[in-house]
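Please look over the protein shown here, and keep it in view while reading the paragraphs that follow.

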Amino acid sequence: MRQVIPLLSDAAAVNRCERKQTVPGGDQVIPIGRVHGTRTGSSKPMTWYRGGLPSFGERAA
């Protein structure tokens, strides 16, 4: 039986991973895995920088 992996159709990138372990991190759990495949889309990635979400191509100085 083939596993169905949910994907966001407009994602900037998608990594297909195999979970190797999880590590407690305060009130969260940090997953650690091995990447088996990557796909990039046409949308722009989102990055948090100095308290905001700048567009790529903007000077981040």
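This is a predicted model: local features need pLDDT of at least 70, side-chain atom pairs count only at pLDDT 80 or more; totals for chains, interfaces and linings use all residues.

Residues are numbered from 1 along each chain as its sequence is written, and side-chain values use heavy atoms, with hydrogens and water left out.

The protein has 2 strands and 0 helices, where strands (E, at least two residues) and helices (H or I, at least four) are DSSP runs numbered from the N terminus. Of its 61 residues, 3% count as buried, a word that stands for under 20% relative accessible area, whereas exposed means over 50% and partly exposed lies in between (1.4 Å probe, protein chains only).

Side chains of opposite charge can pair when their charged atoms come close. Here there is 1 salt bridge, that is, a side-chain nitrogen of Lys or Arg within 4 Å of a carboxyl oxygen of Asp or Glu. It joins glutamate 18 and lysine 20, at 3.6 Å from N to O. Glutamate 18 is partly exposed because its relative accessible area is 36%, and lysine 20 is partly exposed because its value is 48%.

Methionine 46 lies in the segment after strand 2 (28-40), and it counts as exposed because its relative accessibility is 68%. Together with Trp48 and Leu53, Met46 makes a nonpolar surface patch of about 430 Å². Patches are made of residues with over 30% relative accessible area and no salt bridge, with like charges joined within 9 Å and nonpolar side chains (Val, Leu, Ile, Met, Phe, Trp, Tyr) within 5 Å; accessible areas come from the Shrake-Rupley method with a 1.4 Å probe, and for residues only the protein chains shown count as cover.
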